[in-house]
Amino acid sequence: MDYFLELFLGGLTRGSIYALIALGYTMVYGIIELINFAHGEIYMIGAFTGLIVAGVLTVMGLNSVAILLLASVAAVIYSSAYGFTMEKVAYKPLRHAPRLSALIGAIGMSLFLQNYVLLAQTSDFLPFPSLIPEFEFMDPYAHIIGSAEVVILITTAVVMVLLTLLIKFSKIGKAMRATAQDRKMAMLVGVNVDQVISMTFIIGSGTAAIGGVLIASHIGMINFYIGFIAGIKAFTAAVLGGIGSIPGAVLGSFVLGWTESFATGYVSSDYEDVFAFALLVLILIFRPAGILGKVSAQKV
Amino acid sequence: MITLSEIKKSLLISIWFIFLTFPIMVIRVDTVENVIEWRWNNMILVGVGSFLLSFLWRHLMGRKEAGRKQAESDEAEKTPLVQRILGERRFYLPALIAVSIFVILFPFLFSTYQVNIMTTALIYVILGLGLNIVVGLAGLLDLGYVAFYAVGAYSYALLNFHYGLGFWTVLPVGAILAALAGILLGFPVLRLRGDYLAIVTLGFGEIIRLILENYNEFSFGPSGIANIPRPGFFGVDMSLSAAIIYIYFLMIGLTLFTVFVVNRLQNSRIGRAWVALREDEIACQAMGIDKTKTKLTAFALGATWAGMGGVIFAAKTTFINPASFTFLESAIILSIVVLGGMGSIVGVIMGALVLILLPEYLREFGEYRMLFFGAAMVIIMVFRPQGLIGKARRTYKFEGDLKSEA
């Protein structure tokens, strides 16, 4: 039973990281219908910025909680800035182009950012300092769940709640929902669509950066290639839940996290990804629009 | 003219990029030793570079805008220049002759290294043309195309290893196996549309690669299969360079065959059904086109070429392992199709040559080549979203007298 619980919570942790990345995918997709392949790279850049800032602050001799907070803030700011710039440079000129062209532009952007970090930093795995403190009150449960995992779960929950509130009640959130429903109509009623799209990229990139710093300090290693795998997984999660839907992305991420965790625990870690993708294929065969996606009849 | 406000704008852009690249370009930390290296010269490089590039970018954007306005004001839709040249016989014939002479002389004029690269590029031409059937004609976004390539390559390697079958026997077998894999993938995804289809095909490609990587008893895992024989020529023993030239001509032959078949397919009943399906699925069904059959043939025929390409790839490199069949490979093949211009045969050929030869000749830039490659993909898409050679839409003109008809 303990083993089951450990796998369950491990899957939940994994799922929350996927969820933090998947949110960016699903929000961008909801608004401009673009699969932003470079989104995983934004997450990777967040992790790298976190590592660099943490490194500088360690040399300056701050304590680890302050480092974690400052590194996270820096990662969020920089990832958001990269997301914003990426949209302005590569995606805005392609807004009226065929959708596949934008997709190829995104793949090119992803290659560019990977190699940019590879050249400017290193191709080796960098050890990431373990910044999340070990809590003493967690000791009795240490065989099921670690402190780092608790921090990840709580942070994710807080981010989700804040994001939901933002989208439900704030002015920009309402503008986002309006733009996602009908961009032209939103423009007609005075929504600044350019600003909304920029905001979407900024928010999505910020949450991905939080995920990047958390998972990097949990696993303890990063390199320039982590974004690609995580990006594909998160995208899978977003589609699993129904792309364009925010609760769907979260649910899809948890389902994916559990599948991987249980497949690793009970079958074999070699086939972890095979199970993840097989689950995706199965779910999409029976629910072609994802778990929470709306199956809308196509009108003629 | 460069005005003051433009300089100010570029200055702001350059400051923004200095800020943006500051942690990653300037600072390098060693987390083990806790040593920080500051590389201030990179900051100057980024600042000056982005300042100058922003002028170029603005200039090109301005030209693109002007071009679009002009195109809007012109009444008649202009066919692309290359399309027009190809349409005229007096340009078409000499060009064809020149290209054929070059193709025949190529292996004798250049080193075997160059010939090898060209053969690789030709394999990608075939892959591009095959994927073009699925994506360009039928409009089904396939991100796992490399799976069929892997099926072809592994069927040659394994059939040769276990049963000693030769290249010429396996070429059709590999093609058929790939086509079957195409149908296998096609069945479950028939109901899916657009991006859902994209992610399922991506997942399918990854599943195939992971199985090849982990199922050691079947595929020898990550270490791959070595000593795959090169194609034979009626049992004649060939030196290495002769074998390379032989494969080159083999590829030329196969490319011509592919171009011929794809060209015939485009104007056939099934080819038009694909285009109709791409444009409007419901209208297409209303016209009595069998959706299931049409989609499955697109997957099967597209996969066939990937299978053949795979068999030749295995025979050419004599060694394969799962690392050759990653998602990046699918992305490159898809880029060939989109970059060249979807649905256009000449476009796909050009796209393959540019995308495969460019990184090869960029080798002089060493480690920077993938950086330039990614940037080039973004820039081409931003400035020519329809691809290098856009497909001219088939248009029908009414030639009779309007009044007498009415």
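1. Buried area. In this predicted model, chain B and chain A bury about 5600 Å² between them. Carbon and sulfur atoms account for 78% of that area. On the chain B side, I24(B), D195(B) and Y196(B) together supply 13% of what chain B buries against chain A, more than any other three residues.

2. Residues in contact. The contact set comprises 58 residues of chain B and 66 residues of chain A. The side of chain B that touches chain A divides into 43 nonpolar, seven polar and eight charged residues.

3. Contributing elements. Several elements of chain B each supply at least two residues of the side that touches chain A: α1 (4–26), β1 (27–30), α2 (40–73), α8 (194–214), α14 (327–340) and α16 (369–383). The largest share, ten residues, comes from α8(B).

4. Domains. Chain B is divided into domain 1 (4–73) and domain 2 (110–383). The C-alpha centres of these two domains of chain B lie 37 Å apart. For reading point 4 against this division, the residue ranges are the ones to compare: α2 of chain B covers 40–73, and domain 1 of chain B covers 4–73; α8 of chain B covers 194–214, and domain 2 of chain B covers 110–383.

How values were computed:
Residues numbered from 1 in each chain as written. Chains lettered and ligands numbered in written order. Predicted model: local features only at pLDDT ≥ 70, side-chain atom pairs only at ≥ 80, totals over all residues. Heavy atoms only, no water. Contact = heavy atoms within 4.5 Å. Buried area = accessible area lost by both parts, 1.4 Å probe. Helix = DSSP H or I, 4+ residues; strand = E, 2+ residues; numbered from the N terminus. Nonpolar A, V, L, I, M, F, W, Y, C, P; charged D, E, K, R; others polar. Domains from an automatic or database assignment.
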